[in-house]
Every structure is written in C-alpha cells, then in structure tokens.
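Visitor: I would like to go through this model and hear the grounds for each label. Please set the values against the cut-offs.

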Amino acid sequence: MATLPRIVITGVGLTAPNGNTLAEFRANLLAGQARIAEIDVRHMGKHPAGVCDFDATRWQKRKEIRNGTRVGSISIYCSREAVVNSGLDWEKIDKSRVGVYLGITEHGNVETENEIWNISQFNNDTKYWTHHHNPRTVANNAAGEVTMNMGITGPHYTIGAACAAGNAGLIQAAQMLQLNEVDLALAGGVSESIHTFGIFAGFKNQGALASHTDPAKASRPFDKNRNGIVISEGGAIYTLERLDDALARGANIIAEIAGWCINSDATDAVLPNPDRQAECVRKALERAKMKPSDVHIISTHATATSMGDIQECIALRTVFADCPRTKINNTKSYIGHCMGAAGALELAGNLPSFQDGIVHPTINVEDLDPECAIPGLVINQPVSMGSVDTILNNSFGMLGINSVLIVKKYGIA
Amino acid sequence: MNKDDVKSIVLDIIRDIAPDEDLSALKHEVRLRDQLTLDSMDFLDIVMELRKQHGIEVPEIDYPQLASLESCGEYLLPKFKAKGK
C-alpha cells in the first residue's frame with residue numbers, strides 16, 4: 001500500500017462548560033476547577049448540567065442565531081476560533097477545498113421538543129409548527145451552518161457516532177485529507193444535548209443520570225459513589241492539514257494524528273464490551289506503530305456510570321498491563337459528558353501536556369472504586385511527567401461504537 | 001385601530017425576526033426586501049407571527065400584499081378590524 005500523507009492538527013477552537021479557549025480550559029483543568037450548573041429541565045425540574053457561556057454574537061449575526069440552532073452556534077464559534085488559532089489567512093483559502101466533518105451524538109431532539117411544546121400552546125394545531133423545523137433538524141445542520149457562515153463550498157456533513165463522535169469527526173477528516181478530497185478540514189465534535197429533556201429523562205429512567213447536592217461534584221468517574229452522567233453541551237473543532245501543507249506555510253503544529261480505530265461491540269445497546277474496547281485500542285496502536293508502553297497519557301471515556309467505568313478499566317488493564325510510565329486521566333469529572341463533543345474536548349484538554357509535561361487529574365474521587373483502581377490513574381492532583389509525547393483518547397458510545405484516536409507530539413519518531 | 005397601529009405591529013414583528021436591521025429610516029412605500037435583508041423564510045416568519053400573536057391568517061396568494069409597510073397596513077387593517085381590534 002502506498003504511504004499515506006501524515007496529518008497534523010494546526011488549530012483548536014472550543015467551548016467547554018469551564019472555558020471558551022484552550023488556554024482557559026487548560027488552566028481550569030490544572031486548577032481542578034469543575035464548572036457544572038444546575039438547570040431547569042423541561043418537565044423534570046432541576047438537574048446538574050454543563051452549560052457553555054461563549055459569545056455567539058462574536059461570529060454570528062443575531063438573525064443567524066435566531067434562525068439556526070444552538071449546536072450550529074457552537075459549531076460556528078469553534079470553527080472560527082480554530083481558524084484564528086491556526087494562523088491561516090482565511091481570505092486566501094480556496095473554500096472549495098475545505099471540508100467540515102463534525103461528530104454528533106444526536107440531532108433534532110431539541111428543535112422537535114421545542115416545536116411540540118410550541119404547538120401544545122395552540123391546541124396541537126400543526127399550522128403553528130415552524131417552517132424552520134426542517135433546516136434546523138436535518139442531520140447535517142451543525143456542519144451546514146458552519147459552511148454558510150464561513151463561505152465554505154467544499155463537502156460538509158456530520159458523523160453520527162453516539163458519544164464516540166468527537167474522535168469519529170477527526171478520523172473522518174484525517175481520512176479525507178489522506179484521500180486528497182480536501183486540503184483543509186474543520187473537524188471535531190459538538191453537542192447541544194442539555195436543551196433536550198428527552199436525553200435527561202432517558203438517562204434517568206436508565207438509572208444513569210447523575211445527582212449531587214453540589215453540582216460541581218456530580219460528575220465523579222471512578223468514585224465508588226458515582227451515580228451517573230452529567231449531561232453537558234460543548235464543542236471542540238480543529239483545523240487539520242497534511243503535514244507537507246502545514247510545513248509549507250510555517251504552521252504551528254500542535255499534534256500529529258498517529259493512529260486510530262473505530263469498531264463495534266455487536267453485543268448490547270448500552271453495556272460496553274471491554275473485549276471490543278481493548279481490541280479497538282490495540283488496532284489504533286497497531287496503526288500508529290506503537291506498543292502500549294509508548295502511550296504517555298490515556299484520556300478515558302468514563303462517564304461515571306456504575307458499569308461503564310468498570311468495563312473501560314477492564315479493557316485498559318488488559319492492554320496496558322505492564323506500562324508503568326503511562327498515566328490515565330478523565331476530563332468529564334470537570335465538565336460532565338459533552339456527548340458528541342466529549343472525545344474532541346477531552347483530547348483538547350490534554351494537548352497542552354505536549355508543552356507543559358503535566359497530566360491533569362480526574363477530580364471528584366473521594367473514595368476510589370477498587371474496580372477502577374487502575375495503575376497510573378491520576379487522581380485529584382496534577383502530575384508532572386517531565387515530557388509527554390503521546391496521548392491515546394478513548395471515546396465510546398451507545399450501540400457499541402468504540403473510537404480510539406492516538407496523537408503524538410510533532411517531531412517524535 | 002388604524003393603519004399606523006397595524007404598521008407598528010408589523011414593525012415589532014420585523015424587529016424580532018431581523019434584529020440586526022436598522023428600522024429607523026424605513027420607507028413605508030418601498031418594498032421591505034429592497035431595504036432590508038429579508039428572505040422568503042423571514043416573510044414566512046411574519047406570516048407565522050401574525051397568526052400566533054394576533055390570529056390573523058394570510059393566504060399564500062396574498063403574500064405579495066406584505067411587500068411594503070404601507071401595503072401591510074392597507075391589507076391587514078380590515079383583518080384586524082374583523083377581529084374586533
């Protein structure tokens with residue numbers, strides 16, 4: 001097989017519940033600063049949730065915001081910020097060679113629920129159903145709004161991959177760049193899930209919705225007393241380029257995509273399968289031409305459900321049995337579960353470790369679950385590794401979709 | 001209720017659906033689309049808000065009657081009066 005082009009990350013734009021830039025996000029991760037609010041969920045009352053406070057009007061007219069969707073605004077903000085961060089001269093970019101590939105867990109629930117509520121105020125007469133419903137709920141909405149806002153005429157679509165979607169967006173972009181379908185990709189994951197009560201009710205009735213008197217402590221992966229997921233919104237979108245193109249323009253190379261894998265459990269709709277997760281990790285390592293001990297940081301997917309965390313730990317114990325240098329962390333403990341954005345945001349939170357050599361911890365662990373006590377788990381306090389060269393990012397989702405993405409510091413063999 | 005009241009109602013709706021627009025110098029006789037950035041979806045918003053807020057129905061065949069603020073006033077006034085307003 002011919003050697004495929006190397007793909008690099010050259011820009012990051014994000015909004016997380018605890019930060020609207022990578023610098024702010026990272027500072028809060030190193031400071032152990034969670035930011036979870038308590039919001040009023042339609043029909044359900046107060047629940048903890050991760051809420052983003054970026055300024056949508058920075059990149060959108062108020063009419064765009066009104067006519068579009070929340071996830072569209074998140075996507076536009078992150079895309080625009082990524083381009084700024086990349087140092088690309090956007091005016092000179094051939095927009096027909098730009099692709100937009102955004103991972104989503106779900107889409108359309110928010111708008112559909114809003115309209116069902118709206119027409120309920122009019123005796124359920126559908127003549128009051130908004131004509132904006134279809135453009136707002138088509139599955140490509142998030143990526144399509146980006147193209148309209150930024151004048152991008154290359155391909156755009158979303159990748160529906162449940163909570164494995166953030167990695168899936170990046171993987172899709174890397175593949176399209178390698179196939180020379182585009183010259184620049186805007187890729188990552190996004191979510192507006194806190195605005196749909198259906199997701200909250202679904203998790204609650206599944207026994208998987210977090211609760212805590214202190215919202216900031218509600219998301220507690222690996223803790224013995226964890227009681228479920230804190231649902232959050234957010235987004236992380238990257239500029240990806242072929243290495244040669246990035247070098248030619250003198251870009252700041254943040255990381256190189258080293259390897260990946262997406263596979264399927266084919267066993268259960270909600271209970272993860274550690275055998276398939278381990279297999280996914282191994283295949284990603286194989287593609288990256290790495291052995292387990294080459295991984296310096298494992299960014300876990302763990303969502304703080306009772307079984308999901310244990311299953312992931314079983315998978316990691318299997319693959320990383322003898323890797324004393326490898327550190328393991330979790331970012332959902334700060335920001336909750338950003339659904340389609342989770343994998344992309346959690347990767348972003350770890351990327352600065354290539355510069356500072358520090359691993360941010362998983363927080364809110366007061367009583368470590370023995371079944372989650374995996375070697376290398378960084379708990380409650382950051383750990384300095386001196387140097388960090390590789391990050392393995394886990395992101396898993398319902399219907400048994402697993403995604404693993406490995407990135408490395410540019411210049412590492 | 002008179003024509004100016006109707007125009008004021010339409011202006012309030014436009015203010016909501018086109019919040020970036022400066023409506024202070026809007027010429028009443030000139031087509032709205034020639035003065036503002038309004039597309040077909042925006043006109044459907046005007047129709048929807050007349051329906052939701054005031055119970056006024058505008059059949060599709062009459063959409064051209066909403067072209068300018070003046071024509072809105074002339075066309076909609078009898079409808080508002082029929083509603084007892």
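Guide: Two residues are in contact if their C-beta atoms, placed from the backbone, lie within 7 Å. By that rule, 57 residues of domain 1 of chain A are in contact with 53 residues of domain 2 of chain A. This is a predicted model, in which local features need pLDDT of at least 70 and side-chain atom pairs count only at pLDDT 80 or more, while totals for chains, interfaces and linings use all residues. Residues are numbered from 1 along each chain as its sequence is written, and chains are lettered from A and ligands numbered from 1 in the order in which they are written.

Visitor: Where do the bounds of the two domains of chain A come from, and where do they fall?
Guide: The bounds come from an automatic or database domain assignment. Domain 1 of chain A covers 7–248 and domain 2 covers 260–408. Taken over C-alpha atoms, their centres are 21 Å apart.

Visitor: Which element gives the largest share of the side of domain 1 of chain A that touches domain 2 of chain A?
Guide: H7(A), with seven residues. Helices (H or I, at least four residues) and strands (E, at least two) are DSSP runs, numbered from the N terminus. By class, that side of domain 1 of chain A has 29 nonpolar, 21 polar and seven charged residues. Here Ala, Val, Leu, Ile, Met, Phe, Trp, Tyr, Cys and Pro count as nonpolar, Asp, Glu, Lys and Arg as charged, and the others, Gly among them, as polar.

Visitor: Why is helix H13 of chain A called largely enclosed?
Guide: A residue is buried if 20 or more other C-beta atoms lie within 10 Å of its own, exposed if 12 or fewer, and partly exposed in between, with C-beta atoms placed from the backbone. Nine of the nine residues of helix H13 (342–350) of chain A are buried, so the rest of the structure largely encloses this helix. Among them are Glu346(A) and Asn350(A).

Visitor: What makes Ala266(A) exposed and Ala304(A) buried?
Guide: Ala266(A) has 9 other C-beta atoms within 10 Å, so it is exposed. Ala304(A) has 27 such neighbours inside 10 Å and therefore counts as buried. Ala266(A) is in the loop between strand S9 and helix H10 of chain A, and Ala304(A) is in the loop between strand S10 and helix H11 of chain A. Phi is positive at Ala266(A), near 55°, and at Ala304(A), near 85°. Most residues other than glycine have a negative phi.

Visitor: Why does the radius of gyration of chain B agree with a compact globule?
Guide: The radius is taken over C-alpha atoms, and the globule rule is 2.2 Å times the number of residues to the power 0.38. With 85 residues the rule gives a value near 12 Å, and chain B has 12 Å, so the two agree. Chain B has four helices and zero strands.
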